[in-house]
Amino acid sequence: MNPRSAVVSIIGDTRSTETARVGAGALRVAKRVGLKGLVAIIGGGLFAWMVPWCVYLAMTLPATAIATNWSIAWVGFDIALAVVAAATAWFAHKGDVRAGLTALAVAVMLMMDAWFDAMTAGAGAGMAMSLGLAFGLNLPLAAGAAWYSRRTLRSHLRLARAERNDGCCAHDHQ
């Protein structure tokens, strides 16, 4: 299926609605700038939005807040982290390139966990425990997961390039 057909199947006939015309315009932009350019535009736009948004939040959010569903939020996040870690283990066991992607997700989630644990901990023993876990467990594991991700993805990229350049299977040359 060509890209235009895919867009039409998602948004409908481009002659029928304003939304379809906008979608077709986005497709024209995507074709003109390419995928890397489109990602760069979206990433740059998100950055441009987030800078003033963060300044606004810093100036308007209260220093403390009462959160509903606090335990569900924390347990849910930790369950998601456990699932992504299990997926990484499974993919690594199978030698699947997706292990590199899920390991990167694990690294990011561990860093987020360390950050929010430390930023929401109370003073005293709670803060000491939070910082101990962050520096003794979360951040070292995150560094290891990021290292594994980079190693795995680079290895698979090298194999793909070798196969493309040789016109045959890279594993035959090892």
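Helices (H or I, at least four residues) and strands (E, at least two) are DSSP runs, numbered from the N terminus. The model is predicted: local features need pLDDT of at least 70, side-chain atom pairs count only at pLDDT 80 or more, and totals for chains, interfaces and linings use all residues. Residues are numbered from 1 along each chain as its sequence is written, and side-chain values use heavy atoms, with hydrogens and water left out.

The chain has five helices and zero strands. Along the sequence the pattern reads α-α-α-α-α. Of the 174 residues, 18% are buried. Here buried means under 20% relative accessible area, exposed means over 50%, and partly exposed lies in between (1.4 Å probe, protein chains only). The accessible surface of the chain is about 12,600 Å², and carbon and sulfur atoms hold 69% of this area. Accessible areas come from the Shrake-Rupley method with a 1.4 Å probe; for residues, only the protein chains shown count as cover. Among contacts in the chain with a separation of 6 or more, 49% join residues 24 or more positions apart. A contact means heavy atoms within 4.5 Å.

Aromatic pairs were examined next. A pair of aromatic rings is described by the distance of the centres and the angle of the planes. Rings of Phe, Tyr and Trp (its six-membered ring) pair if their centres lie within 6.5 Å; planes under 30 degrees apart count as stacked, over 60 as edge-to-face and the rest as tilted. The structure holds three aromatic pairs. The Trp49 and Trp53 rings are stacked, because their planes meet at 15 degrees, with the centres 5.8 Å apart. Both residues lie in helix 2 (residues 18-60), four residues apart, or about one turn of the helix. An α-helix has 3.6 residues a turn, so residues three or four places apart point the same way. Trp49 is exposed, at 51% relative accessible area. Trp53 is partly exposed, at 33%. Trp70 and Trp74 also form an aromatic pair, here edge-to-face, with 5.7 Å between centres and 70 degrees between planes. These two residues sit in helix 3 (residues 70-94), again four residues apart and separated by about one helical turn. Trp70 is partly exposed, with 43% relative accessibility. Trp74 is one of the buried residues of helix 3. Trp49, Trp53 and Tyr56 form one aromatic cluster.

Asn69 lies in the loop between helix 2 and helix 3. Most residues other than glycine have a negative phi, and most peptide bonds are trans. Asn69 is not a glycine, yet its phi is positive, at about 60 degrees. The residue is exposed, with a relative accessible area of 53%.

Helix 3 has 25 residues, which should span 36 Å at 1.5 Å a residue; the end C-alpha atoms are 36 Å apart, in agreement. The expected span is 1.5 Å times one less than the number of residues. The buried residues of helix 3 are Trp74, Leu81, Val84, Thr88 and Phe91. Their cover includes helix 4. Gly95 follows helix 3 and has a positive phi, near 70 degrees.

The structure holds one salt bridge. A salt bridge is a side-chain nitrogen of Lys or Arg within 4 Å of a carboxyl oxygen of Asp or Glu. The partners are Arg98 and Asp96, at 2.6 Å from N to O. Arg98 is partly exposed, with 43% relative accessibility. Asp96 is buried, at 19% relative accessible area.

Helix 4 gives the most, with seven residues. Leu131 belongs to helix 5. This leucine is partly exposed, with a relative accessible area of 36%.
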